[in-house]
Amino acid sequence: MTIYAVVNSKGGVGKTTIAVHLATLVAQTSRTLLIDGDPQGSAASWAAWRRDYLPDAPSPTTTCLHEKAILNEGRPLAKGFDHAVVDAGGRDTAGLRSALLLAQRAIIPVGASQLDAAALTDILTLVDMARDYNPDLKVRVLLNRIDPRTRDTTDMVSFLTEQKLAALKTMIIERVAYRRSVGDGSTVGEYGKDKAASAEMQSLFEEVSDSWQ
Ligand SMILES: Nc1ncnc2c1ncn2[C@@H]1O[C@H](COP(=O)(O)OP(=O)(O)OP(=O)(O)O)[C@@H](O)[C@H]1O
Ligand SMILES: [Mg+2]
């Protein structure tokens, strides 16, 4: 049983996109709980579209929990599942902290920009605090919405290496397929129109399912 939390105190970095993809891929082979921990309810909207458009597809069970309930209710709820994925809200500090206390593995999506690099300090401070109570919490940075041809991407990779931050090898490129598929309640794999997107998301799933040192 592994609980993943997709976290960043910065908004719009792709937390919901990554959380719904990861939860759906995990749900193909095991009972999976997707906790929408963001009061905006974006993951819950995706789940509602999915029930309308893809009623028979293997899906995570989705529930909305906010603030401390992410930990207090999330822990007993997750016991009924093989895996759980939390989409933690951006600015919701109590919820974000609860997600970091509940999870064994935190994925931090970041873009490739100075602003993303600067904002990493805030989330890493919260991770450090969470480790006082959740010492086994493992963390990986995920580059998302990148353009691999630009210097911004190489600069961000160098920055993460200099800061000794563990980054996932898989990087997610800025692709229209992510916006379209999530809007249809599906994943890029199910959407099927962008093979490169399906392949990179499959690679992300395999990498995060593997052991984390
Ligand atoms: N790899 C990608 N390629 C293209 N668009 C993307 C990608 N990842 C995310 N997006 C788009 O970027 C926007 C923000 O993504 P998302 O909602 O997943 O981020 P978030 O971190 O959950 O945001 P919030 O802080 O508002 O909860 C959305 O419009 C989404 O479709
Ligand atoms: Mg979101």
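## Strand β1 and its neighbour β4

Strand β1 (residues 2–6) is joined to strand β4 (residues 83–88) by five bridges, and the two run parallel. Strands here are DSSP runs of E with at least two residues, helices are runs of H or I with at least four residues, and both are numbered from the N terminus. Two strands count as paired if DSSP finds at least two bridges between them. Look for I3, whose bridge partner in β4 is A84, and then for V6, which stands opposite D87 in β4.

Before we go on, a word on what you're looking at: this is a predicted model, where local features need pLDDT of at least 70 and side-chain atom pairs count only at pLDDT 80 or more, while totals for chains, interfaces and linings use all residues. Residues are numbered from 1 along each chain as its sequence is written, chains are lettered from A and ligands numbered from 1 in the order in which they are written, and side-chain values use heavy atoms, with hydrogens and water left out.

## The whole sheet

So what order do the strands take? The open sheet has six of them, in the order β3-β2-β4-β1-β5-β6, with parallel pairing. At the edges sit β3 (61–64) and β6 (138–143), each of which pairs on one side only. From one strand to the next, the twist averages 20°. As background, strands of a sheet pair through backbone hydrogen bonds, either parallel or antiparallel.

β1 and β5 pair in the parallel sense over three bridges, and V6 stands opposite I107 in β5. β5 and β6 are also parallel, with six bridges, and R105 has K138 in β6 as its bridge partner.

## Covered strands

Which strands are tucked away? Five of the six residues of β4 are buried, so β4 is largely enclosed by the rest of the structure. Buried means under 20% relative accessible area, exposed means over 50%, and partly exposed is in between (1.4 Å probe, protein chains only).

Strand β5 (residues 105–110) is mostly covered, with six of its six residues buried. R105, I107 and P109 point one way from β5, while A106, I108 and V110 point the other way, and all are buried.

## Helices α1 and α2

Now for the helices. α1 (residues 15–27) and α2 (residues 42–53) pack at an angle of about 45°, with axes 9 Å apart. Axes are lines fitted to C-alpha atoms, for helices over the stretch in contact, and angles run from 0 to 180 degrees between N-to-C directions. The two helices are therefore oblique to each other (under 35 degrees is roughly parallel, over 145 roughly antiparallel, 65 to 115 roughly perpendicular, and the rest oblique). The contact is made by T16, V20 and T24 of α1 and S42, A43, W46 and R50 of α2, where contact means heavy atoms within 4.5 Å. These residues divide into three nonpolar, three polar and one charged. Ala, Val, Leu, Ile, Met, Phe, Trp, Tyr, Cys and Pro count as nonpolar, Asp, Glu, Lys and Arg as charged, and the others, Gly among them, as polar.

Leaving out residues up to four places away in sequence, S186 touches W46, R50, L54, S181 and Y191. Is S186 buried or exposed? At 5% relative accessibility, S186 counts as buried.

## Helices α5 and α6

The axes of α5 (residues 93–102) and α6 (residues 114–131) come within 9 Å and cross at roughly 50°, which makes α5 oblique to α6. From α5, the contact uses L96, R97, L100 and L101; from α6, I123, L126, V127, M129 and A130. By class, that contact has eight nonpolar, no polar and one charged residues.

## Two loop residues with positive phi

Most residues other than glycine have a negative phi. R145 has a positive phi of about 60° although it is not a glycine. R145 is in the loop between β6 and α7 (151–162) and, at 43% relative accessibility, counts as partly exposed.

K164, also not a glycine, has a positive phi near 55°. Its place is the loop between α7 and α8, and K164 is exposed, with a relative accessible area of 76%.
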